[in-house]
Amino acid sequence: MINWRNFAKETLRATLSVYPGYTGDRTVSGEIVVRFNDDDSLLMKMIAEGLTADCSNCGVHIHEGTTCDDASMVRGHYWNTVSSSE
């Protein structure tokens, strides 16, 4: 369980799950907390299960949507388009 006392700023919390329509053999689960800082940076803390230590094409990113239960509600990638591009 993530220690929530370490987060004094605005935070978002999400449950990790398999992406809608995924048919692979991984069953990923867990939780992630994102804290937004005053300087427009963010801090992510994640606890995840079902990943392999030797994964060479793994990564974490945030989507604009509010659920992964429905693929149409996942929406695009979330980031500051002024400082980053896809």
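How many helices and how many strands are there in the protein chain? There are zero helices and three strands.

The model is predicted: local features need pLDDT of at least 70, side-chain atom pairs count only at pLDDT 80 or more, and totals for chains, interfaces and linings use all residues. Residues are numbered from 1 along each chain as its sequence is written, and side-chain values use heavy atoms, with hydrogens and water left out.

**View 1. The protein chain and its elements.** Read from the N terminus, the order of elements is β-β-β. Helices (H or I, at least four residues) and strands (E, at least two) are DSSP runs, numbered from the N terminus. Of the 86 residues in the protein chain, 13% are buried. Buried means under 20% relative accessible area, exposed means over 50%, and partly exposed lies in between (1.4 Å probe, protein chains only). The accessible surface comes to about 6800 Å², and carbon and sulfur atoms hold 49% of that surface. Accessible areas come from the Shrake-Rupley method with a 1.4 Å probe; for residues, only the protein chains shown count as cover. Among contacts with a separation of 6 or more, 35% join residues 24 or more positions apart. A contact means heavy atoms within 4.5 Å.

**View 2. Glu-31 in strand β2.** Strand β2 covers residues 29-36 and includes Glu-31. Glu-31 counts as buried because its relative accessible area is 9%. The side chain of Glu-31 makes a polar contact of 3.4 Å with the side chain of Arg-13. A polar contact is a pair of N or O atoms within 3.5 Å; within protein, one must be able to donate a hydrogen and the other to accept it, and residues adjacent in sequence count only if both atoms are side-chain atoms. Glu-31 and Ile-47 are 16 residues apart along the chain, with 5.5 Å between their C-alpha atoms.

**View 3. Glu-49 in strand β3.** Glu-49 belongs to strand β3. Is Glu-49 buried or exposed? Glu-49 is exposed, because its relative accessibility is 55%. Leaving out residues up to four places away in sequence, Glu-49 touches Thr-27, Val-28 and Ser-29. From Glu-49 to Ser-17 the C-alpha distance is 9.8 Å, across 32 residues of sequence.

**View 4. The largest pocket.** The largest pocket holds about 1200 Å³ of space. Its lining has 33 residues, and those closest to the centre are Leu-16, Ser-17, His-61, His-63 and Cys-68. Strands β1 (11-16), β2 and β3 (42-49) each give two or more residues to this lining, and β1 supplies the largest share, five residues. The lining divides into 20 nonpolar, nine polar and four charged residues. A pocket is found on a 1 Å grid over the protein atoms alone, as an open set of points where a 1.4 Å probe fits, with protein on both sides within 12 Å along at least five of seven lines; lining residues have an atom within 4 Å of a point. Grid points are joined across faces, edges and corners, and a volume is the space filled by probe spheres set on the points. Ala, Val, Leu, Ile, Met, Phe, Trp, Tyr, Cys and Pro count as nonpolar, Asp, Glu, Lys and Arg as charged, and the others, Gly among them, as polar.

View 5. Asp-69 is exposed because its relative accessible area is 73%. The C-alpha atoms of Asp-69 and Val-18 are 8.9 Å apart, although 51 residues separate the two along the chain. Arg-75 is exposed as well, at 54% relative accessibility. Arg-75 is not a glycine, yet has a positive phi of about 65°. Most residues other than glycine have a negative phi.
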